[in-house]
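The following note concerns the model shown below. The points begin with one interface and then turn to the other chains.

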Amino acid sequence: MDFSTLQDFYTYTKGIAYVLIVLTLIGMAGFWLYLTDQENDDEE
Amino acid sequence: MFKLSDVINRSLLTPFNIIAGIILFIGLIITALRFTGGLAAVTNLSDYNPWGLWIGFDLLCGVALAAGGYVTSAAVYIFGMKKYHSAVRPAILTGFLGYALVVLALNYDVGRPWRLPYPFAVQAGTTSVLFEVGACVLLYLVVLFIEFTPAASEWLGLKRARNLVVRLTMLLTILGVILSTLHQSSLGALFLIAPSKLHPLWYSQYIPVFFFISSIIAGLSMVIFEGTLTHRYFAEKMDEAHLREKEDVVFGFGKAASFVLAAYFAVKVFGIAMDDNWRYLSTSYGAWFLVELLGFVALPCLLYAAGVREKNIRLIKWAAAWTVLGIVVNRFNVCLVAFNWHLPSSERYFPSWMEIGLSIFIVTVGVVAFKFIVTTMPVLYEHPSYKTPHP
Amino acid sequence: MSVSRRGFLAWMGAAGITALGSQAGATPRHFKGYPQSLCVLHDITLCIGCRSCEAGCNKVNELPPPAVPFTDLSVLDKKRRTTAKTYTVVNKTAASGQEKKPIFFKTQCNHCLEPACASACFVRAFTKTKEGSVTYDASVCVGCRYCMIACPFEIPTYEYEEPLTPRIMKCTFCHPRVTKGLLPGCVEACPTEALSFGKREDMLKLARERINKYPGRYVDHIYGETEMGGTSWLYLSGVPFRNLGMREDLGTTPAPELTSGALATVPMVAALWPVLLTGIYALSKRREKILSGDKQNALAQAVAEANAKSQAALTAAMDKAKREKEEAVQKAVKAALEQSAKKTQEQ
């Protein structure tokens with residue numbers, strides 16, 4: 001993709017970044033729950 | 001009748017000692033060649049490739065893999081996780097030996113090693129990231145040495161020295177975290193000055209963040225990995241507390257490593273997004289980048305997670321070994337593979353046998369020192385005169 | 001050491017005034033470089049590839065004699081770069097353009113306005129002088145070779161064969177000569193007008209004039225005007241610079257700016273980490289205290305409950321024993337009374 005101005009470039013990249021931020025926050029929270037939740041059924 | 005040959009035959013000629021001896025001997029030969037024939041006699045370095053295996057492995061990997069010292073002491077003394085206490089001394093020892101060996105390796109690599117103090121004693125190039133790396137590595141080596149002295153003091157019976165240093169623990173730990181944050185990130189920042197020489201998938205304004213976060217991962221994984229080896233070969237030296245806490249360390253550090261690896265993955269993706277470098281992923285370098293990101297970041301993250309959830313110690317230990325390898329792959333990628341990617345293959349670098357030999361020599365020196373210290377000083381066990389009450 | 005309140009305020013005041021005095025204001029800084037800085041304009045269209053500049057450089061800098069004499073032009077058939085024995089090299093590109101003539105051009109240190117080597121060197125071995133030359137001081141060099149990593153033009157070379165006294169080798173801009181008003185060795189030796197020497201503003205004007213006068217002859221770009229923030233060697237070419245192997249993707253950001261962001265965070269970490277880490281320590285200590293406090297409370301409560309329980313059981317047992325004793329006594333009395341009543345009846 002060709003950008004003529006720095007402003008256009010930043011608008012594009014930071015827009016994607018904000019979406020990734022939201023996905024990351026949700027993902028990390030979920031991953032933490034996954035990590036701390038023990039497989040209780042399998043424990044003797 | 002007492003015969004010297006009996007003693008030698010019986011106690012010194014172990015397989016370990018023989019192999020280590022051969023490696024040390026070869027190392028001494030390479031040392032002689034380096035200081036009589038220059039770097040040209042020993043390395044494949046060139047004007048296009050001024051930094052090779054000794055910087056890529058001995059410096060970059062050495063510093064990253066010695067990070068267990070600050071990570072473990074931070075966990076125990078700053079975050080208050082007392083159940084990992086038995087892991088502190090081995091981690092500090094590994095850290096101290098690691099950094100000492102980095103300095104040893106630098107004495108081979110730089111042109112005039114006796115001038116290594118010059119940036120601090122003669123003329124300071126404060127605009128240089130390397131200046132900051134040097135200053136922090138030097139100070140941190142001193143911190144690690146001081147943090148190690150209690151073990152030596154207990155062995156030598158120097159009670160007052162030992163108690164004085166133990167009182168300084170909080171200060172030393174905080175200083176250690178500050179210095180480590182600075183130099184771990186700055187080793188990556190070294191490459192910020194060469195955007196035209198580092199492949200876009202590895203060059204990023206975030207290189208300092210990449211190196212710092214991956215140093216935490218390296219530290220956590222090395223403590224698990226090296227703890228596994230120590231338990232295998234030095235179990236008779238480990239006291240009850242160490243043996244009991246071993247599993248807690250593996251699970252606790254494995255869980256932390258998994259979480260930090262997930263964050264590191266996100267951070268790497270952000271690096272691509274912020275510079276709009278997605279299109280490079282479909283190139284051959286892109287394929288190799290994906291091998292690093294998926295095979296050596298995402299995969300160990302999930303292996304650690306599975307091991308923690310299923311209480312599978314063996315899986316966590318293999319994940320740790322794989323992660324350590326991944327750190328080496330990353331440092332090699334930045335310094336040797338992605339660096340000079342624009343040059344024709346005739347100008348690319350590959351280490352010489354002697355460069356590899358010297359790196360093995362330096363690691364062997366570390367292993368021999370580690371073995372000696374761990375079998376004579378209270379690192380894997382608590383000295384009877386200084387036993388701390390355990391919950 | 002204790003400081004009185006008055007002493008502390010006086011000290012802070014002095015520090016504050018000093019800081020205010022040294023501040024230049026909040027406007028972004030702009031550095032124009034040394035005025036009167038010297039420069040070479042290399043007009044590639046005028047280079048005939050005679051290698052006289054290489055010979056001149058070798059002589060003036062007392063470099064070792066070359067393996068192949070400078071008059072031998074067959075070396076131009078291979079791409080060459082600077083080496084520890086040659087500060088400058090002439091290269092030849094394949095024949096191109098309408099006249100099918102090969103193009104020759106000279107490569108050497110560009111003596112950048114903001115040199116990457118100077119920025120990277122941790123012992124300040126490189127200096128951008130006011131004359132424009134970027135000089136190297138071998139008396140402090142440690143031999144770390146970071147300058148070689150940093151240089152975007154891949155110019156500095158190293159004496160790898162020297163075991164104890166290896167130096168970085170690169171073009172000096174004939175600094176000792178230009179400070180005396182002489183020409184650099186290469187400029188003096190050049191038989192054509194491929195190399196012009198003068199102040200940088202003048203060389204830029206000269207280059208602009210040539211482009212304007214002969215627009216068909218030159219690519220409309222002065223290489224080195226803005227590359228890496230500007231260099232003291234400027235180039236004019238008749239073909240795109242990338243065809244000559246001169247990189248057009250270096251950007252205009254000066255090298256010091258590439259690392260200044262990362263270096264700027266160092267004092268922040270040094271200042272803030274102690275607060276952050278001490279805070280975490282305090283929080284974890286407090287949590288531990290509360291937990292152990294809770295534990296103690298729970299323990300005390302359990303002990304109290306157990307005490308109360310056992311006390312109650314004891315009281316109950318004692319009452320029961322008392323009752324049973326009374327019952328037994330009453331029973332015995334009753335039995336005795338019945339016995340005596342029976343005995344009386346029998347009599």
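1. Across the interface of chain A and chain B the rule finds 1 salt bridge, a salt bridge being a side-chain nitrogen of Lys or Arg within 4 Å of a carboxyl oxygen of Asp or Glu. Its partners are Arg309(B) and Asp37(A), whose side chains meet at 3.6 Å, N to O. On the side of chain A that touches chain B, 12 residues are nonpolar, 4 polar and 4 charged; Ala, Val, Leu, Ile, Met, Phe, Trp, Tyr, Cys and Pro count as nonpolar, Asp, Glu, Lys and Arg as charged, and the others, Gly among them, as polar.

2. This is a predicted model, in which local features need pLDDT of at least 70 and side-chain atom pairs count only at pLDDT 80 or more, while totals for chains, interfaces and linings use all residues. Residues are numbered from 1 along each chain as its sequence is written, chains are lettered from A in the order in which they are written, and side-chain values use heavy atoms, with hydrogens and water left out.

3. How many residues does each chain bring to the contact between chain A and chain B? Chain A gives 20 residues and chain B 19, contact meaning heavy atoms within 4.5 Å. The two chains bury about 1900 Å² between them, 71% of it on carbon and sulfur atoms; this is the accessible area (1.4 Å probe) lost on being put together, summed over both.

4. Of the 2 pairs of chains that touch, chains B and C have the most contacts. Chain A and chain C do not touch, and their nearest C-alpha atoms lie 14 Å apart.
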